[in-house]
Amino acid sequence: MTTKKIAMGLNKKIALVAHDNMKRNLVEWAKFNRDLLAHHKIFATGTTGTLLEKELRFPIIKLQSGPLGGDQQIGARIVDGEIDFLIFFWDPLEQQPHDPDIKALLRMAVVWNIPMACDRATADFVISSPLMDKEYERLVPDYDVYRKRKVPGIETPPLPIPGITENKKRRSTDVQA
């Protein structure tokens, strides 16, 4: 499959997300890295965004809480190229009511090849990378091939549906009689 390049500017668009049991860890990490984060555009879900804005003292773009659609909002922004980077401190020991949304968010991060950290050690390595303060072009598969694929049943007439197709034939015969 061919690839496309998606440019990431000097100032990254970073999403910060944390489950309830992990919010303290994310806030502590963000406070430690405040100066590094301050010149980037920061997005966050629900309560996490409010906590971060209070502690970091710079504006955070706050979306819905994760269970109310915030994870899906982050995922949609990744797809639209509005988020370059995801730091998601998720709780591996606690089941979440919105697990399908979480899986979808993580999937979008992989599909669109954005840097992602799900724990403090990885977040430390990524935020301190020399690439954080440089322009960068990430490679993503050229999904145009996928978008233009042939779908069985679309190019050919649809298969008859028992009962429905037969009733239409009967009605047209009844009208002619």
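Predicted model: local features only at pLDDT ≥ 70, side-chain atom pairs only at ≥ 80, totals over all residues.
Residues are numbered from 1 along each chain as its sequence is written, and side-chain values use heavy atoms, with hydrogens and water left out.

Let me begin with the sheet, which is open and is formed by five strands in the order 4-3-2-5-6, with parallel pairing; strands here are DSSP runs of E with at least two residues, helices are runs of H or I with at least four, and both are numbered from the N terminus. Two strands are said to pair if DSSP finds at least two bridges between them. At the edges are strand 4 (61-63) and strand 6 (116-117), each of which pairs on one side only. Helix 5 packs on this sheet, where it touches strand 5 and strand 6, and its direction makes about 145° with that of strand 5; such angles run from 0 to 180 degrees between N-to-C directions, and axes are lines fitted to C-alpha atoms, for helices over the stretch in contact.

Turning to strand 2 (residues 13-18), five of its six residues are buried, so this strand is largely enclosed by the rest of the structure, where buried means under 20% relative accessible area, exposed over 50%, and partly exposed in between, with a 1.4 Å probe and protein chains only. Four bridges pair strand 2 with strand 3 (residues 41-45) in the parallel sense, and Ile-14 has Ile-42 in strand 3 as its bridge partner. With strand 5, strand 2 also runs parallel, joined by five bridges, and there Leu-16 has Ile-87 as its partner.

Within strand 3 we find Thr-45, which counts as buried at 5% relative accessibility.

Now to the helix pairs. The axes of helix 4 and helix 5 (residues 99-111) come within 9 Å and cross at roughly 15°, which makes helix 4 roughly parallel to helix 5; the cut-offs are under 35 degrees for roughly parallel, over 145 for roughly antiparallel, 65 to 115 for roughly perpendicular, and oblique for the rest. On the helix 4 side the residues are Asp-71, Gln-72, Ile-74, Gly-75, Ile-78 and Val-79, and they meet Asp-101, Ile-102, Leu-105, Met-108 and Ala-109 of helix 5.

Helix 1 (residues 23-32) and helix 6 (residues 120-127) pack at an angle of about 25°, with axes 11 Å apart, and this makes helix 1 roughly parallel to helix 6. Asn-25, Glu-28, Trp-29 and Phe-32 of helix 1 make the contact with Arg-120, Ala-123, Asp-124 and Ile-127 of helix 6.

Finally, which element or loop holds Asp-84? Asp-84 lies in the loop between helix 4 (70-79) and strand 5 (85-89), and with a relative accessible area of 2% this residue is buried. Beyond its neighbours within four places in sequence, Asp-84 is in contact with Met-8, Asn-11, Lys-12, Lys-13, Ile-114, Pro-115 and Arg-138.

How values were computed. Contact = heavy atoms within 4.5 Å.
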